[in-house]
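Please look at the structure below before reading on.

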Amino acid sequence: MADGDSRKGPGRFGAPSDAPVILSDVPGSFTWKVLHDRHPALIQKVRDATPYDPERLRALDLLLGEITEGVIRPLEGAMHDRDLWESWDRGHIGERWDDAPFLWSESYFYRKLLAAVGYFDPGPWQGIDPFEPFKQAELFGEAVDDELRALDGFPALDVGERDQALILRALWGNRADLVFRISAGGSGLAAQVPGLVADDSALIWSMIDGLSATGGSLAGGNPAVGGGLADGDPTVGGALAGGDSTVDGSLVGGDPAVGGALTADGRSSRICLVADNAGSELLPDLVLIDHLLHARGVGEVVLHVKPSPYYVSDAMMADVVACLRRMSEAGGQAGEIGSRLREAMGSGRLLVRAHVFSCAPLPYSEMPDDLRKDFASASLTIMKGDLNYRRLVGDRDWPPTTPFAEVTGYFPGPVAALRTLKSEVVVGLGAETVTALEASGQPWRVSGTHGLIQARS
Ligand SMILES: O=P(O)(O)OC[C@@]1(O)O[C@H](CO)[C@@H](O)[C@@H]1O
């Protein structure tokens, strides 16, 4: 029995799964409010933001009626991803929205929203992202101007200081999540950020320390092929893009099974970063990627984005392009970083993937083999954000002291999570930390005021 289709039962690849799956069936609970308050509010915002025609407005009304009345109905009409959804269904169609796993029902809601606005249908509305107006407003807002200007202070920092600053920016950038703002109001951020509830950043950097590329490469399956230099730094061997161009249509870039550059001791010098939100989260992610490639000598970074609009602000390829353009236009350090990233993209040291499973309603313990191979080819995978965390550890009511290494043991390689806490699931906390958080009386699991950095080697 799979992790995504059961309330209990063993997960694939031995993922432990004896904690109850989180549902949305308790009126007034966080998950219930997402389905009953956040989703209807989002439908209204989508209607307001784009001048839809009667057909699409009617479809949005039908969706609103469906989520209000309560029973999950099948997708209708021609669907390019029918086979996928049949394989991801898990028998929840026909159930009440509240009774399906929260992870599944939320994800299915976003797929239905795209169906309602005709995102996938041939015709004039095909490819019109219903969330684009929100993403644009955020990317061109003053807060992003300030963030980009702040990069001008970076050259004054040494590499260690930059390591820490960048990992924290990438973490707290995750507060900038537009779906969260729908219910939190304003910026969605509490005035105070009490801080980290777990901090494995030292472990992450110790893993990255050994990952400098030497120039050896497995590109094209030939370990004797040296990689080309991408950024002119003679101490850093560049990676060649994977030699096999006959890849699965869902991937952009080289063959996921082919490792890129190698370290001196023959390990993969590849890091995967699984992105979460666009705009003010993706920008610090890109700055971190540049730091890994340029200052830390990592041979290759694989950036995973979503293949279609999801959770309002989740990053897609178009958002990567928009962020790089925004950096170039900002000039200063941001402009320099943007240029280096463009070069890295051109030389294959920065690869982007948009795998269909990135929008699946299932935990990563259910990932397909090609994605599993992709993660296995990296010496470290960094998961960004709340939803990726839920999918990584399983969206279950774990005791919060359950070891992170235990619940991620199924993952095919070293893995780290950078996440602002915006939903109920959490693992890997110390008992004293949990006691103090509970004593605070604050909704620390869901308020976006706390963050965590967790890793296992
Ligand atoms: O993945 P992200 O962008 O950090 O967060 C997604 C999120 O806003 O959506 C869910 C509730 O709708 C929660 O998991 C979380 O608050």
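In this predicted model, helices α4 and α14 cross with a left-handed sense. Helix α4 spans residues 102–116, and α14 covers residues 385–393. Two packed helices are described by the angle between their axes and the distance between those axes. Here the axes come within 11 Å and cross at roughly 135°. That angle makes α4 oblique to α14, because the roughly antiparallel class takes angles over 145 degrees and the roughly perpendicular one runs from 65 to 115.

Which residues make the contact between α4 and α14? From α4 they are F102, L103 and E106, and from α14 they are L387, R390 and R391. Sorted by class, the contact of α4 with α14 has 3 nonpolar and 3 charged residues, with no polar ones.

The next topic is backbone angles. Most residues other than glycine have a negative phi. R90 has a positive phi, about 60°, and is not a glycine. With a relative accessibility of 22%, R90 counts as partly exposed, because the buried class holds values under 20%.

Y311 also has a positive phi, about 45°, without being a glycine. Its place is the loop between strand β5 (300–304) and helix α11 (317–330). Is Y311 buried or exposed? Y311 is buried, at a relative accessible area of 6%.

The last topic is the cysteines. A disulfide is a covalent bond between the sulfur atoms of two cysteines. How many disulfides does the model have? The count comes to 0. C323 is in no disulfide, and the nearest cysteine sulfur, that of C359, is 17 Å away. For C359, the closest cysteine sulfur is in C272, at 17 Å, which is too far for a bond, because a disulfide needs the two sulfur atoms within 2.5 Å. Both C323 and C359 are buried.

The table lists the relative accessibility of the residues discussed one by one.

| Residue | Relative accessibility | Class |
|---|---|---|
| R90 | 22% | partly exposed |
| Y311 | 6% | buried |
| C323 | 1% | buried |
| C359 | 10% | buried |

Terms used:
Residues are numbered from 1 along each chain as its sequence is written. This is a predicted model: local features need pLDDT of at least 70, side-chain atom pairs count only at pLDDT 80 or more; totals for chains, interfaces and linings use all residues. Side-chain values use heavy atoms; hydrogens and water are left out. Helices (H or I, at least four residues) and strands (E, at least two) are DSSP runs, numbered from the N terminus. Buried means under 20% relative accessible area, exposed over 50%, partly exposed in between (1.4 Å probe, protein chains only). Axes are lines fitted to C-alpha atoms, for helices over the stretch in contact, and angles run from 0 to 180 degrees between N-to-C directions. Angles under 35 degrees count as roughly parallel, over 145 as roughly antiparallel, 65 to 115 as roughly perpendicular and the rest as oblique. A crossing is left-handed if the near helix is turned anticlockwise from the far one by less than a right angle, and right-handed if clockwise. Contact means heavy atoms within 4.5 Å. Ala, Val, Leu, Ile, Met, Phe, Trp, Tyr, Cys and Pro count as nonpolar, Asp, Glu, Lys and Arg as charged, and the others, Gly among them, as polar.
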